[in-house]
Amino acid sequence: MDTHKLQELLTSSLSIPTNHITLGITNLLHQSKLLSILIQHKKIPNEPLSDLQIQSILLTLSTLDTNREYTLNNIHSTYNAERWVGVGEREGRIYSSLVSSRNYGLGHGMGRSGDIMEPQPKAVGSSIMVQLTKYMVLDCMRRGSGLKGDLDDGKCPARHGIVLPLCTGMSMNLVLSSLKRKLSSENVSGCGDGDSGGDSGGGINDRNVVLWSRIDQKTCYKAVLSAGFVCVVVPTKVDGDMVVTDMEAIRYNLQKYKNRVLAVISTTSCFAPRVPDDIDKIGKLCQIENVAHVINNAYGLQCQNVIVKLINRACVVGRVDAIVCSTDKNFLVPVGGAIVISPREAVIRAVSQVYAGRASSAPILDLFITLLSMGLSGYKKLLQDRQELVKEFETRMQQVANSHGERLLYCPKNTISFGITLDRLNGGNGGDYGNDDGDGVTKSTMTPSLFGSMLFTRCVSGTRVISKDGGTKIIEGQEFRGFGSSTNNYSHSYLTAACAIGLTKDEMNEFFTRLDKCFKDFLARREKELKKKKKKHVVVMKEEGQEQANK
């Protein structure tokens, strides 16, 4: 029904004044125009939309899907077919009205069996939502986070992208699988670059090795293994307090495995004292050696001054095939999604086509709603608020550390995660009470790991405590010495905390208050423990002396 007919009907049938109807129809037109603007410009709105506006858009999109009668009416209710009758094995029927409401009736998911980004004929509304989310988040990365570059010269990191309903690790798995498949198809069609020879491998199918600059998180390592590749853990090196990329080790392993190397995985967002890899140098090396370069940028979009600039540079001076980013860590949505971006369209197309089957669109729906709720201005404010807290966060960390005889780890290249030493908390060397003389009297059972537990019981989450003598962890047969510090023999026990997007000043202040108190409680408990041990030792020595005298 057009607006003129609606106006005539309302005036004649319901006797509503014409001027009132005109005002209402103006609002209706404005509401419908919002969706048209999104589709036309394919950009995140500059200003946030209201919840009512977002709900209206979602309900409009849901009516475009063929399952709208099933999902919006609820499967239990008496059903009178309006238009569609579904006799397939999967018609988007949703039993629970709560589940239907939670998903705004969008029950078909995303993609088709051969391509996760392919539109579904039965799910026009869902397909529109998925595509709009992709375009909005790419726009947000460029105009909000600062991923720059000419969109036409193949150097812009966020030129192409895909939003996946998978977490970072499984998205990395998918990227590696797609790179192998893409390389194989290019070779078959005669479009590949070929191999440069070497005694450690032959053709495309022999590219089964992925070099991974060590960072002590299980996710990426398991992603490589589950994709069917051999993961070669490239050691890092220590530079002052920082754990940094060992470029010589990467060069050595590229030569050692030669034509067997499919890709190098580098990391930008990490826990201190690990700092972002030298992805520009790695990119140059990958370009020379003709191997793919994948960047794990899990939560790096929020760090404009260091990480984003590094990514921009890497795409200009070297090779970058894909960049994997988390949705929850960067855009404050529930866990479950990732964004894969690339300067090269062929890479994103390959990722889209390697996904098996359809997928849930729930994580994409979360991101769609959040981007509209934030608007570009809201996202930029979150980034600005975090940046304004960074210096104070670092200063407060240093103050608390110094007040308890510790110090801040100097890692200027990591402006998200900050670390302080916990050397006084090492119970194995007697702490401040002298070296253990072998009888265990001055050796405390309280260790840095207990300090982390004490923080958690005081409702502090997100900190990480790594002991100097943390030992060795075996993951899928691979030995990681000093696990947690991303290097074999780090010289300190330490604690890390992150100044991440969404952190408020009040939350930060409360954290440092609790951290300071936890230090005091820990040291007081340890002193009490050692005094008890010394007192007990004195009693034992007296008893032994008395026994000797009696003899």
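Biologist: What makes strand S8 (residues 322–326) and strand S9 (residues 338–342) a pair, and in which sense do they run?
Modeller: In this predicted model, S8 and S9 are joined by four bridges in the antiparallel sense. Within S9, isoleucine 341 is the bridge partner of isoleucine 323.

Biologist: What is the order of the strands in the open sheet?
Modeller: The sheet has seven strands, in the order S1-S9-S8-S7-S6-S2-S3, with mixed pairing. Averaged over the sheet and with direction ignored, neighbouring strands are turned by 20 degrees against each other.

Biologist: Why are strand S1 (160–164) and strand S3 (230–234) called edge strands?
Modeller: S1 and S3 are called edge strands because each pairs on one side only.

Biologist: Which helices lie on this sheet, and what do they touch?
Modeller: Helix H8 (residues 218–226) lies across S3, strand S2 (209–213), strand S6 (261–267) and strand S7 (292–296), and runs at about 150 degrees to S3. Helix H10 (residues 279–289) packs on the sheet as well, touching S6 and S7, and its direction makes about 160 degrees with that of S7.

Biologist: How do you know that the buried residues of H8 line one face of the helix?
Modeller: The residues concerned are Cys220, Tyr221, Ala223 and Val224. Seen down the axis of H8, the buried residues fall within an arc of 155 degrees, and therefore they line one face. Just after H8, glycine 228 takes a positive phi of about 95 degrees.

Biologist: Why is serine 266 called buried?
Modeller: Its relative accessible area is 0%, and buried means under 20%, so serine 266 is classed as buried. This residue belongs to strand S6. Beyond four places in sequence, serine 266 is in contact with Asp277, Ile279, Ile282, His293, Val294, Ile295 and Asn296.

Biologist: What makes the pair of serine 266 and histidine 293 a polar contact?
Modeller: Their side chains are joined at 2.8 Å. The limit for such a pair of N or O atoms is 3.5 Å, so the distance lies within it.

Biologist: Is glycine 161 buried or exposed?
Modeller: Glycine 161, in strand S1, has a relative accessible area of 8%. That value is under 20%, so glycine 161 is buried. Residues touching glycine 161 include Lys134, Leu138, Val340, Ile341 and Ile348.

Biologist: Which residues have the most contacts inside the largest nonpolar core?
Modeller: They are Ile57, Leu176, Trp212, Ile265, Val294, Phe331 and Phe368, in a core of 92 residues. Helix H14 (residues 362–403) gives the most to this core, with 10 residues. Among the residues that leucine 176 touches are Val210, Val224, Phe229, Ile265 and Val294.

Biologist: Why is cysteine 459 called exposed?
Modeller: Its relative accessibility is 64%; exposed means over 50%, so cysteine 459 qualifies. Cysteine 459 lies in the loop between helix H15 (448–457) and strand S11 (464–466), and has a positive phi of about 65 degrees although it is not a glycine.

Biologist: Is glutamate 476 exposed or buried?
Modeller: With a relative accessible area of 57%, glutamate 476 is over the 50% cut-off and therefore exposed. Glutamate 476 is in the loop between strand S12 (472–475) and strand S13 (478–481), with a positive phi near 50 degrees.

Terms used. Residues are numbered from 1 along each chain as its sequence is written. This is a predicted model: local features need pLDDT of at least 70, side-chain atom pairs count only at pLDDT 80 or more; totals for chains, interfaces and linings use all residues. Side-chain values use heavy atoms; hydrogens and water are left out. Two strands pair if DSSP finds at least two bridges between them. Helices (H or I, at least four residues) and strands (E, at least two) are DSSP runs, numbered from the N terminus. Axes are lines fitted to C-alpha atoms, for helices over the stretch in contact, and angles run from 0 to 180 degrees between N-to-C directions. Contact means heavy atoms within 4.5 Å. A nonpolar core is a set of buried Ala, Val, Leu, Ile, Met, Phe, Trp, Tyr and Cys residues joined through side-chain atoms within 4.5 Å. Buried means under 20% relative accessible area, exposed over 50%, partly exposed in between (1.4 Å probe, protein chains only). A polar contact is a pair of N or O atoms within 3.5 Å; within protein, one must be able to donate a hydrogen and the other to accept it, and residues adjacent in sequence count only if both atoms are side-chain atoms. The arc is that of the directions from the helix axis to the C-beta atoms.
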